[in-house]
Amino acid sequence: MSGHLELRTPHTPFGVAVNAAGHHLYEGILTLDGLPEPAALGDYHHIVAWLASPIFDTIVALGPVANGTQSLGEIGLNKFMIIITAEERLDAPEWEGRLLLRASSPSSRMSPPDMQEFMLGAMGTEPGDAGIPGAAHAHMPTTAAAPWPHPPMLPGLTMFPALMALDPPAATPFLPGAATDPATLPLARPRDILRLGDGDVVDLEAGLVRRRIHSRDHIMYGFNGQYPGPLLHVPEAATITVNFTNSIPWPTTIHWHGLRLDNASDGVPGVTQDPVEPGETFRYTVHFKDPGVYWYHPHHREDILKDLGLYGNMLVEPREPDYYAPADREEFLMLDDFLMAGDAPMPFGTERSTHAFMGRFGNLFLVNGEPDYELEVTAGEVVRLYLTNVSNTRTFNLSFEGAAGRGDAGAAPQHPRIKVVGTDVGAFEREEWVESIVLSPAERYIVHVRFDEPGEYRLLNRIQGIDHLGGTFFPETDTMGVVRVAAARPADAETFGAPASAGAPAMAATPASLAFDTLRTNLPAAREIALYRDQFDLPIDRELTFTLETTGIPYIVQRLMRFDSAYFHPVEWSGTMPMMNWNSSSQEVRWIVRDPATGAENMDIEWEFEVGDIVRIRLHNERRSFHAMQHPFHIHGQRFLVLARNGVPNENLAWKDTVLLPAGTTTDILLEITNPGRWMAHCHISEHLEAGMRMLFTVNP
Ligand code: C2O
Ligand code: CU
């Protein structure tokens, strides 16, 4: 007998399916062949499938199975086995009969490195390098400025001594305002909301600001002395003028992420404009064609300039009044993680970016630039959250968790319901309930949340990290902020649903609150997308492969990363290789986007399209590379639909400008070419962009 198990990606409105705890979800599709009658194997009547963790602390009966193909339902364990046994009875809590077949998840291939690796690690040498730790790494700049601090380690993670002795990356450390006394700078202010109309003019100035984080002052960057930059609130189809002044010591530009605006205002240095030098100005004409939530950020050394605070949201108010289901209030959350080395920010690489492998994961979680984000709402209110991931590399998995607010100690944690209504460039065809919200860098999601019970809810980022030296997963929970939910005034509450009984929650009974329980189909969005449906199944027009190349990386790093290639998680959720990652710069690591049809790579790719083209593109994120990793792929100036992941059609579409490509997966998109000009497409992990992963396409009018 034989069998195989396919791990199919279940439907999700996000780039990857995980539960609130960050466990990846799969539908197990089991195919069996050559099974005999159970009685032929002994005193058995049934063939049964079981789901088990590798150390059998979890065993779940999946029910009887037979020859042929069948679904085993949803699987959500980090490492697991599927076991097929012959059983006498169907209701046994664990298998009692004969073991027939066993399948292991790819993640079970992770294991600790062997003793030889540990020895090499302890010695820190490569044959022939004269015993100098990290001597293979010969790219140190000759003029050493202020020394690099050690990158912070995640508590509880083991590190090889040889890794701890790695040389710093091949770059001079940079922090802003080294010669400036923070006290001479004004304290940055939280952002203003600028309500603008068609034809309005706005001034934006990038400059140095003083930011107070956990009662210490740091010099960072900001737009108009604010963090984040001002929120531009505009009606659909408006055009505004932005007079930009560069008052930071770097050349820079502003890119209006996701907007289908004029190519000349797209803000890509060397492609659509020259960089704006320090002290210079540039005038952008910003057109808002589509409803949705967008953001602006520099497109030069984004790994530094955006990370230091140069980012802001734009809300395009839909023309259609009921475009989204009703909500009682709106909040904008720009999600970030900033890397601190002790009390001070970890320096950046001056000549080139550091953290070129996995990107710069931070250890200080920020919402709208604040480490202690707080929101106050009333029970029963529907809050529309516009979420934007502005981090350099981190993919978030966000959920809310609260203790029941009515003092019943020991009550189960409360999870308010989350409804997804929109993403990058507008609404989904239909609303969906989700347990958590997954956003990769530059993606936006629009969700509605109703907190039914008064109390305190934490906004959590929950993921499963990988301890690469232990070969194990471990849960990580970070608190991004707190939502305080007040009881509604009795007058507002009494009309809600069932008559108020003792102890029943006092919930506001607004029209939005009453409408919240129903999942809507968004007719304008669905009708528009339906116009493209006859294009979905046409042959693929173009392909891209995502991979990487390395040169001159230290021997021990090479050995460990090679070992680690036994298994790549679909998403690297956390920076659990801090030394190796920090040490890598864009001098040793080259991330590649390749056109397999021509072999052209990165900026040598220059596709050509005509306005009106509708292009099906297949994106392969290659697993067989030195270090496979997810890439949030962003296309400038156009919009696209995600048609399928790993061949499974997407059943709920929305227009997007950034799509998460998990490691080892294939994603099909339908790119609508509407906007002439010379545009860029690239990975939105800032360090991958700096390390080469970008390409061009020209749209002819
Ligand atoms: Cu958000 Cu090319 O960028
Ligand atoms: Cu990438």
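# Copper site, sheet, rings and charges

Visitor: Is aspartate 424 buried or exposed?
Guide: The relative accessible area of aspartate 424 is 0%. Buried means under 20%, exposed over 50%, and partly exposed lies in between (1.4 Å probe, protein chains only). Aspartate 424 therefore counts as buried.

Visitor: What kind of model is this?
Guide: Residues are numbered from 1 along each chain as its sequence is written, chains are lettered from A and ligands numbered from 1 in the order in which they are written, and side-chain values use heavy atoms, leaving out hydrogens and water. Local features need pLDDT of at least 70, side-chain atom pairs count only at pLDDT 80 or more, and totals for chains, interfaces and linings use all residues; this is a predicted model.

Visitor: Which residue forms a salt bridge with aspartate 424?
Guide: A salt bridge needs a side-chain nitrogen of Lys or Arg within 4 Å of a carboxyl oxygen of Asp or Glu. Here the closest N and O atoms are 3.2 Å apart, and the partner of aspartate 424 is lysine 656.

Visitor: How many residues apart are lysine 656 and aspartate 424?
Guide: Helices (H or I, at least four residues) and strands (E, at least two) are DSSP runs, numbered from the N terminus. Lysine 656 counts as buried at 6% relative accessibility. Beyond their salt bridge at 3.2 Å, the pair links distant parts of the chain: lysine 656 in strand E41 (residues 655-656) and aspartate 424 in the loop between E28 (417-423) and E29, residues apart: 232.

Visitor: Which residue meets arginine 430 in a salt bridge?
Guide: Arginine 430 is partly exposed, with 30% relative accessibility. The N to O distance in its salt bridge is 3.6 Å, and the partner is glutamate 651. This pair too links distant parts of the chain, 221 residues apart, with arginine 430 in strand E29; in the loop between E40 (648-649) and E41 lies glutamate 651.

Visitor: What is the distance between the closest N and O atoms of aspartate 217 and arginine 210?
Guide: Side chains of opposite charge can pair when their charged atoms come close. Aspartate 217 is partly exposed at 25%, while arginine 210 is buried at 14%. Their salt bridge puts the closest N and O atoms at a distance of 2.8 Å.

Visitor: How many salt bridges does a search of the whole structure find?
Guide: The pair of aspartate 217 and arginine 210 is one of them. The search of the whole structure gives a total of 41.

Visitor: Which residues coordinate the copper ion (ligand 2)?
Guide: Donors are N, O and S atoms within 2.8 Å of the metal (3.2 Å for Na, K and Ca); water is not among the atoms, so sites may look incomplete. In sequence the donor residues are spaced H-x51-C-x4-H. At 2.0 to 2.2 Å, the copper ion is coordinated by His631 (ND1), Cys683 (SG) and His688 (ND1).

Visitor: Are histidine 631 and histidine 688 buried or exposed?
Guide: Histidine 631 has 0% relative accessibility. The relative accessible area of histidine 688 is also 0%. Histidine 631 counts as buried, and histidine 688 is likewise buried.

Visitor: What is the bridge partner of isoleucine 193 in E14?
Guide: E10 and E14 (residues 231-235) pair in the parallel sense over three bridges. In E14, isoleucine 193 has as its bridge partner leucine 231.

Visitor: How many aromatic pairs does the count come to?
Guide: Rings of Phe, Tyr and Trp (its six-membered ring) pair if their centres lie within 6.5 Å; planes under 30 degrees apart count as stacked, over 60 as edge-to-face and the rest as tilted. By this rule the count of aromatic pairs is 23.

Visitor: What is the angle between the planes of phenylalanine 244 and tyrosine 284?
Guide: Phenylalanine 244 is buried at 1%, and tyrosine 284 is buried at 0%. Among the 23 aromatic pairs, theirs is tilted, at 6.5 Å centre to centre, with an angle between the planes of 50 degrees.

Notes:
Two strands pair if DSSP finds at least two bridges between them.
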